[in-house]
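Please keep the sequence and the three-dimensional view at hand while reading.

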Amino acid sequence: MLKIVRISAFALIAVLLVGWGMVWLRGGGMKLGLDDLGLAIPGGVLMGGPFTLVNTAGETVTEETFRGRWMLVYFGFTYCPDVCPTELQTISSALDRLGPQARQVVPVFITVDPERDTPAALAEYVKLFDERLVGLTGSKEQIAAAAKSYRVYYARAKAKDTADYLMDHSSFIYLIGPDGGFRALFRHGMAAQEMADSLKSRLAPGG
Ligand code: NI
């Protein structure tokens, strides 16, 4: 009997872990994030790092371009029906709540759909959300390398209509420090005020 209980407990834990992993991968509607678990992730160890991408002006940029400023990095795609727009609005609203301190932060949107999200398409898209939002795209290889740096999962989702498709992608917002080191992970669905409070506690006072 005890053995059965042990096996059941082990099975339950395994199911929970697999479930958490799958939800993380799909990035949809997840409420549990590393912030909730109270995990402090050492700067620069797990996520973030070098990238070479292309901005909306068609210029090549790297992680060095943003040194000296904080970055809020989000991966998504412009055809995303709901998750990406929600997260981008949250970022914009969190920055609005910071006042002059917002000048220390660059919000960055990196597409996981470079085929459709050309520099011109991204330029049109980002300005719908926030004038401060920097849109980045690149070759398939450049996007894959950036996503790997940030441990971002993405994949083209099958659609009945072959002319159109969606992208599955994980949905975390990464906070990168002025030194380029990873600082925090904001979960999907976080309230703008909570994000603003977390940023405020880290940013230098004033503008
Ligand atoms: Ni999305």
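Which arginine lies over the face of Tyr-165, at 3.6 Å from the ring centre? The residue is Arg-116. Arg-156 also lies over the face of Tyr-165, at 3.7 Å from the ring centre. These positions, like all that follow, come from a predicted model.

**The nickel site**

A nickel ion is coordinated by three side-chain atoms: SG of Cys-80, SG of Cys-84 and NE2 of His-169, at 2.0 to 2.3 Å. Along the chain, these donors follow the spacing C-x3-C-x84-H. Cys-80 has a relative accessible area of 9% and is buried, because the limit for that class is under 20%. Cys-84 counts as buried as well, at 0% relative accessibility. A search of the whole structure for disulfides finds zero.

**Aromatic pairs**

The structure holds seven aromatic pairs. One of them is formed by Tyr-74 and Phe-109, whose rings are stacked, with 6.4 Å from centre to centre and 20° between the planes. This pair links distant parts of the chain: Tyr-74 belongs to strand E3 (residues 70-76) and Phe-109 to strand E4 (residues 105-111), 35 residues apart. Tyr-74 is buried, at 0% relative accessibility, and Phe-109 is likewise buried, at 0%.

Phe-109 also pairs with Tyr-125; the ring centres are 5.6 Å apart and the planes stand at 35°, so this pair is tilted. Why is it not classed as stacked? Stacked pairs need planes under 30 degrees apart, and edge-to-face pairs need over 60, so an angle of 35° falls in the tilted class. Because Phe-109 lies in strand E4 and Tyr-125 in helix H4 (residues 119-129), the pair ties together parts that are 16 residues apart in sequence. Both of these residues, Phe-109 and Tyr-125, are buried. The two pairs can be set side by side.

| Pair | Centre to centre | Angle between planes | Class |
|---|---|---|---|
| Tyr-74 and Phe-109 | 6.4 Å | 20° | stacked |
| Phe-109 and Tyr-125 | 5.6 Å | 35° | tilted |

Ring pairs join Tyr-74, Phe-109, Tyr-125 and Phe-129 into a cluster.

**The loop between H3 and E4**

Leu-98 is found in the loop that runs between helix H3 (83-96) and strand E4. Is Leu-98 buried or exposed? Leu-98 is buried, with a relative accessible area of 3%. Leaving out residues up to four places away in sequence, Leu-98 touches Val-105, Ala-196, Leu-199, Lys-200 and Leu-203. Leu-98 and Gln-193 are separated by 95 residues in sequence, while their C-alpha atoms are 9.3 Å apart in space.

Gln-101 lies in the loop between H3 and E4 too. This residue is buried, with a relative accessible area of 7%. Which residues does Gln-101 contact, leaving aside its neighbours within four places in sequence? They are Lys-200, Leu-203, Ala-204, Pro-205, Gly-206 and Gly-207.

**The hairpin of E8 and E9**

Strand E8 (residues 173-176) runs antiparallel to strand E9, and four bridges join the two. Within this pairing, Leu-175 has Ala-184 in E9 as its bridge partner. The hairpin has five residues between its strands, and there Gly-180 takes a positive phi near 90°. Why is strand E9 (residues 182-186) described as largely enclosed by the rest of the structure? Four of its five residues are buried, so the description follows from that count.

**A positive phi at Arg-151**

Arg-151 is not a glycine, yet it has a positive phi of about 55°. The residue sits in the loop between helix H5 (140-149) and strand E6 (154-157).

Technical notes:
Residues numbered from 1 in each chain as written. Predicted model: local features only at pLDDT ≥ 70, side-chain atom pairs only at ≥ 80, totals over all residues. Heavy atoms only, no water. Donors = N, O, S within 2.8 Å, 3.2 Å for Na, K, Ca; no water. Buried < 20%, exposed > 50% of the residue type's maximum accessible area, 1.4 Å probe, protein only. Disulfide = S-S within 2.5 Å. Phe/Tyr/Trp six-rings, centres within 6.5 Å; stacked < 30°, edge-to-face > 60°. Lys NZ or Arg CZ within 6 Å of the ring centre and 35° of its normal. Contact = heavy atoms within 4.5 Å. Pairing = 2+ DSSP bridges.
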